[in-house]
Amino acid sequence: MEALQEIIPFLSKFARLDLKAVSLSHVLSLTGSRDGIELISNCTPLLANIVDLTGDDSDALRKDAVLTLVNISAEQCGAEKLVAELADQIVPLAYDAVVNENSKTADAWSMVLCNMTRPEHLVEAVVNQLLKIEYAFEKLATCFTRISFNKQKGHLNYLGPLFSNLSQSKQGRELFCSRETDLLTRILPFVHHEGSIVRRGGAVGLLKNICFDSTIHEWLLSGNVDVLTFILFPLAGPEEFDDETNDKLPVELQYLGPEKEREADPDIRKMLVESLGQLCATRKGREYLRDRGTYEILRELHKFECGPNGDPRVLAACESVVDILIRTEDEIGEDNLKTLEIPDDVIKKLNDLENNSEL
């Protein structure tokens with residue numbers, strides 16, 4: 001810690017360029033380990049100087065300063081410190097870089113925001129900072145939906161996971177589901193985006209989080225959003241269905257043909273199936289899913305997951321949803337499954353199963 005204290009003056013934006021460069025290079029190297037990040041995170045003046053250097057006149061220094069923040073925020077201890085001490089500076093700086101089409105550090109800054117919002121308990125603080133910026137969510141969505149927005153070869157793919165992270169909070173979900181801004185319908189098409197698994201996974205993560213709120217399921221399933229089509233399409237493969245089944249399916253899923261490929265990433269398939277599980281919470285949702293060929297799509301997905309390219313976690317999620325859809329409503333006996341009181345011992349068993357599935 002004493003050594004870090006000694007180099008703080010050399011990281012001042014007013015220090016000589018060569019001293020700043022050497023000192024920052026040393027700090028950046030320390031962020032290659034968890035111990036180094038913990039050490040730096042406990043030195044707020046050092047963090048403040050690094051944030052200041054993201055606005056340095058030197059391109060190289062600006063880049064290294066932001067990369068240092070990327071590494072620090074990748075560890076929860078670093079993310080917590082940055083949010084607690086410097087969110088009011090970092091969030092506006094990151095936002096300005098992302099929405100600047102000529103920024104060379106936009107991708108790195110989007111990763112900082114993504115890292116800072118990964119822990120659920122930090123999300124609200126970042127959302128509140130973004131809300132201080134007029135039309136921040138709308139402008140970030142514009143940057144995300146325009147593939148070539150950044151003119152310096154920035155991809156901005158990490159805005160996808162950022163949106164997913166922000167939707168962990170109730171306030172974040174409400175912002176994305178605003179009927180006035182129409183953000184959700186702008187982002188949903190990227191559930192099928194083939195150019196980046198990061199971008200695609202982020203959009204699916206947002207979709208899954210939105211589906212947790214059963215009060216908006218009717219809107220999500222309506223023609224205004226048509227969330228079911230966005231979920232089922234990537235889960236569908238090249239299987240052929242008879243005319244009766246095709247008539248049940250959403251138009252986009254009818255007669256797909258032998259060239260149709262199923263989503264290759266098992267984590268994304270799992271999130272999509274879990275989204276269907278959330279939509280099964282209400283009787284209206286379950287009936288809607290049954291009437292539109294969801295069971296038939298999941299039946300074929302189940303066969304795939306049982307094969308050599310399948311995944312046991314997706315298989316288990318698929319079986320859980322199918323188990324609900326094949327039951328009659330009399331057998332289920334409850335309009336909204338989320339209103340059921342679950343005994344503590346059952347909750348513990350479910351938590352144990354979830355923890356074991358992550359090993």
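C114 is buried in this predicted model, with a relative accessible area of 3%. The count of disulfides comes to 0, and C114 accordingly belongs to none, the nearest cysteine sulfur being that of C143, 15 Å away. A disulfide is a covalent bond between the sulfur atoms of two cysteines. How far is the sulfur of C211 from the closest cysteine sulfur? The closest one lies in C177, at 8.9 Å, which is too far for a bond, because a disulfide requires the two sulfur atoms to be within 2.5 Å. C211, for its part, is buried, with a relative accessible area of 0%.

The chain as a whole gives the setting for these residues. It has 22 helices and 0 strands, and of its 359 residues 48% count as buried. Along its principal axes the C-alpha trace spans about 75 × 50 × 40 Å. Among contacts between residues at least 6 apart in sequence, 70% join residues at least 24 apart.

| Residue | Relative accessibility | Class |
|---|---|---|
| S41 | 3% | buried |
| K81 | 22% | partly exposed |
| C114 | 3% | buried |
| C211 | 0% | buried |

Two of these residues, S41 and K81, touch each other. S41 is placed in helix α3, which covers residues 34-41, and at 3% relative accessibility S41 counts as buried, because buried means under 20%. Leaving aside the neighbours within four places in sequence, S41 is in contact with L47, I72, C77, G78 and K81. K81 is placed in helix α6, made up of residues 76-99, and at 22% relative accessibility K81 counts as partly exposed. When residues up to four places away in sequence are not counted, K81 touches T44, L47 and L86 as well as S41, and L47 is also among the contacts of S41. From K81 to N100 there are 19 residues in sequence, and the two C-alpha atoms are 26 Å apart in space.

Is helix α9 (residues 136-145) mostly covered or mostly uncovered? Helix α9 is mostly covered, since 7 of its 10 residues are buried. These buried residues are A136, F137, L140, A141, T142, C143 and F144, and C143 is the cysteine whose sulfur is nearest to that of C114. The buried residues of α9 pack against α6, α8 (120-131), α10 (159-166), α11 (170-176), α12 (183-187) and α13 (197-211).

A further pair of helices can be described through their axes. Two packed helices are described by the angle between their axes and the distance between the axes. The axes of helix α17 (residues 266-279) and helix α20 (residues 312-325) come within 9 Å and cross at roughly 15°. Because angles under 35 degrees count as roughly parallel, α17 and α20 are roughly parallel to each other, and α17 passes α20 in a left-handed crossing. On the side of α17 the contact is made by P266, D267, R269, K270, V273, E274, L276 and G277, while R313, V314, A317, C318 and V321 contribute from α20. The residues of this contact divide into 7 nonpolar, 1 polar and 5 charged.

Key: Residues numbered from 1 in each chain as written. Predicted model: local features only at pLDDT ≥ 70, side-chain atom pairs only at ≥ 80, totals over all residues. Heavy atoms only, no water. Helix = DSSP H or I, 4+ residues; strand = E, 2+ residues; numbered from the N terminus. Buried < 20%, exposed > 50% of the residue type's maximum accessible area, 1.4 Å probe, protein only. Contact = heavy atoms within 4.5 Å. Axes fitted to C-alpha atoms, helices over the stretch in contact; angles between N-to-C directions. Parallel < 35°, antiparallel > 145°, perpendicular 65-115°, else oblique. Left-handed = near helix turned anticlockwise from the far one by under 90°. Nonpolar A, V, L, I, M, F, W, Y, C, P; charged D, E, K, R; others polar.
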